[in-house]
Amino acid sequence: MDTEDGHVKYVLTGDGAGTVFEIDENSGDIHATRRLDREEKASYTLSAKAVNKTSGQDLERASEFIIKIHDINDNEPKFSKDTYVASVSEMSNVGAFVMRVTATDADDEAYGNSAKLVYSILQGQPYFSVEPETGIIKTALPNMIRENREHYQVVIQAKDMAGQMGGLSGTTTVNITLMDVNNSPPRFPHSTYHLSTPESAEIGSSVGRIKAYDADVGENAEMWFTILDGDGQDVFNIITDSTSQEGVIIVKKQLDYESKRLYSLRVQVTNTHIDRRFEHLGPFSDTAMVRITVTDVDEPPLFSRALYILEVDEDTPAGSSLGTVSARDPDIINHLVKYTIDRHTDLERLFNIDSNNGTISTLQVLDRETSKWHNISVLATELSTALQTRVPVFIKVRDVNDNAPEFAMFYETFVCENVRAGQLIQTISAVDTDEPLVGHKFVFSLSTINPNFTIFDNEDNTARILTRRGGFNRREMNSYLLPVVISDNDYPIQSSTSTLTVRVCACDSRGNVQTCSTEALLLSAGLSTGALVAILLCILILLMIVVLFAALRRQKKKEPLIISKEDVRDNVVSYNDEGGGEEDTQAFDIGTLRNPEVIDTNKLRRDIMPEMLFPFRRTSPIKDNTDVRDFINGRLQENDSDPTAPPYDSLATYAYEGNGSLAESLSSLESAATEGDQEFEYLSHWGPQFKKLADMYIGQESQRET
């Protein structure tokens, strides 16, 4: 349809049209606008059509076509990691597997050899090798020893184009470590070791350490030490320090320089984990001799026993010997030993000891009932070195029958008034603080024949108290004292008399106690309990009324404001008493305000403690009758300059009423005895405010005259 007259226009659409590819609209030639990468996109699907330039109508149907990008070898092989870490056991055979490395190539595997890779080793010969096709790394030398060299660095190359010239390549590094196996036995660096320890070394203390060396590491280097033989096998022991892998020799038995000074041990060290594959490299053990020298130490005295037990009768006189303790100086040169008692263990100073021979004696008579055992400590001291040793001494106090039996408890015994003869009223028992060898056997009896009661011994360390008669009466006798004799069966026989108090009580028909008090008996014959209580209450009420009346009679009158004893600081006191007027001097002395000269100069302030030994005399206010304002201002200045005034706020009273008014005093205190002498005409001249008052008084006066 294209006649090449310029009327046809070619249009391109599809993948990359206008960006990657463009078309010449006149000729239809397609060009690439940039470099193409097959690894980015391997093919493009486009559509082209011819269009009339003038009308814009399609001259042919759109034609679809595919542009494929042919691969070239423009990508080198790449490993998944830049560095690999691997390990293999030492002493491995040739060809032992180490690890596999893999590289990839982005080029097209189906087009030529661009993606066909071949592996090779660039660094690491002759110890390791790699398979060209698989990338598997293997050992290349037999029996590689970790102790000689532990770490290796191997460089592997992957090349495309099947390894041919012109191919691209990539490399990676593999760090290979030889893992340890137990192929090295432990060895002592010395055949003989010399150690020393003082004879005072405690059991379990360390004498010294010996060390063996093993070229292996970890559990392959773990070892344990044992004593094979030697004359010190029973005196010393060896343990293994799991942290430092050393043999620690410790004391197993107490040492004595005077008995033996040198010991020999044959010590063996062995690996704890042995690899049977390498037994031919053994033996995996070693031995060494250890010689231990015991050094002399000035030792404290040594007692012949670890403890002493002495016995003494409780009635032994003071100064009696109990036994002897013995100590000696274990050193070659024997020093003199002195004995003392640690008084902290004998605070009561019951015992004494002979400082030369160690004989223990009593200072006081001992009492088994107070303490059965006495535990004291005896000190043995070397006089030349002051070294001390203590030993416990247990002193048992043997029992002697020196205490009489007595009642086991306090008995509250009663007998009913209506009791019959032969009736049981109490069962008694006894106790004894002594400890007989066989057991207590008490005998009960009455000191004298009693006409009222008798005793029956049950022969089981108890006895019954029975009545001899009946008809007891509280009015005649309200209680009876019954002496009971109690004896034991030990030697020497001890006895005591205990008194049993038997009270006479009123009982019902069944023998239940109702009352035992004599007061109840007296009350029953006189007034009842309720009547006595009522009388006591009346007396108490009368006493309260008398006390209240006396208190009201003694009540004082209320004090005026000026001389009140209460502290008036920061308080508002209200007095709702109007008083009798200007001339009423009941509440306060109005004359003091009218004549300021007559001020009591000896009166001090009550709200503070005076600081001066002499009274402060206030200056008199201005004479003559001045106005209230001037008076108050004067008093204010006085208080401001008063050195006895308190530093805090306080209430100051200015009770000056003034000199009077034009109407003079209206108080009735100065009025005449009769109202007839009064004239009230002057009230009408005071103004309209007093008109009503004038009318009232003038009117009353005229009526009186009429």
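This is a predicted model: local features need pLDDT of at least 70, side-chain atom pairs count only at pLDDT 80 or more; totals for chains, interfaces and linings use all residues.
**Stop 1: a charged patch**

Select Glu22, Asp24, Glu25 and Asp29. Together they form a negative surface patch. Asp29 sits in the loop between strand 2 (21-23) and strand 3 (30-32). Its relative accessible area is 41%, so Asp29 is classed as partly exposed.

**Stop 2**

Go to Met91. Its phi is positive, about 60°, although Met91 is not a glycine. The residue belongs to the loop between strand 7 (83-89) and strand 8 (97-100). Is Met91 buried or exposed? Met91 is buried, because its relative accessible area is 18% and the cut-off for buried is under 20%.

Next, select Gln125 and Pro126. The peptide bond joining them is cis, with omega about 0°. Pro126 is found in the loop between strand 10 (118-123) and strand 11 (128-130).

Then jump to Arg349. Here too phi is positive in a residue other than glycine, near 55°. Look for Arg349 in the loop between strand 26 (337-341) and strand 27 (351-353). Arg349 is partly exposed, with a relative accessible area of 46%.

**Stop 3: salt bridges across the chain**

The model has 18 salt bridges in total.

Start with Asp241 and Arg209. They form a salt bridge, and their closest N and O atoms are 3.0 Å apart. The pair links distant parts of the chain: Asp241 is in strand 18 (residues 236-241), Arg209 is in strand 16 (residues 206-211), and 32 residues separate them. Check the surface around Arg209. At a relative accessible area of 44%, Arg209 is partly exposed.

Move on to Asp229 and Arg266. Their side chains meet in a salt bridge at 3.1 Å, N to O. Asp229 belongs to strand 17 (residues 223-229) and Arg266 to strand 20 (residues 262-271), so this pair ties together parts 37 residues apart in sequence.

Now select Arg398 and Glu311. This salt bridge has its closest N and O atoms 3.0 Å apart. Which strands does the pair tie together? Arg398 lies in strand 30 (residues 388-398) and Glu311 in strand 23 (residues 308-313), so the parts being tied are 87 residues apart in sequence. Arg398 counts as partly exposed at 33% relative accessibility. Glu311 counts as partly exposed as well, at 40%.

Finish this stop with Arg146, Glu147, Glu150 and Asp180. Salt bridges with shared partners join these residues into one network.

**Stop 4: strand pairing around strand 37**

Colour strand 34 (residues 443-446) and strand 37 (residues 479-487). They pair in the antiparallel sense over 4 bridges. Zoom in on Val443. Which residue of strand 37 stands opposite Val443? The residue opposite is Ser487.

Pick out Pro483. Its bridge partner in strand 38 is Thr499. While the strands are on screen, follow the side chains: in a regular strand they alternate between the two faces of the sheet.

**Stop 5: a buried alanine**

Select Ala463 in strand 36 (residues 462-467). Its relative accessibility is 0%, so Ala463 counts as buried. Ala463 and Thr427 are 36 residues apart along the chain, yet their C-alpha atoms are separated by 5.7 Å.

**Stop 6: a nonpolar patch**

End with Leu532, Ile535, Leu536, Ile539 and Leu543. They make a nonpolar surface patch of about 470 Å². Centre the view on Leu536. Leu536 is placed in helix 2 (residues 529-553). Is Leu536 buried or exposed? Leu536 counts as exposed, because its relative accessibility is 60% and the cut-off for exposed is over 50%.

Note on methods
Residues are numbered from 1 along each chain as its sequence is written. Side-chain values use heavy atoms; hydrogens and water are left out. Patches are made of residues with over 30% relative accessible area and no salt bridge: like charges are joined within 9 Å, nonpolar side chains (Val, Leu, Ile, Met, Phe, Trp, Tyr) within 5 Å. Accessible areas come from the Shrake-Rupley method with a 1.4 Å probe; for residues, only the protein chains shown count as cover. A salt bridge is a side-chain nitrogen of Lys or Arg within 4 Å of a carboxyl oxygen of Asp or Glu. Lys and Arg count as positive and Asp and Glu as negative; His and the chain ends are not counted. The place of a charge is taken as NZ of Lys, CZ of Arg, CG of Asp or CD of Glu. Helices (H or I, at least four residues) and strands (E, at least two) are DSSP runs, numbered from the N terminus. Buried means under 20% relative accessible area, exposed over 50%, partly exposed in between (1.4 Å probe, protein chains only). Two strands pair if DSSP finds at least two bridges between them.
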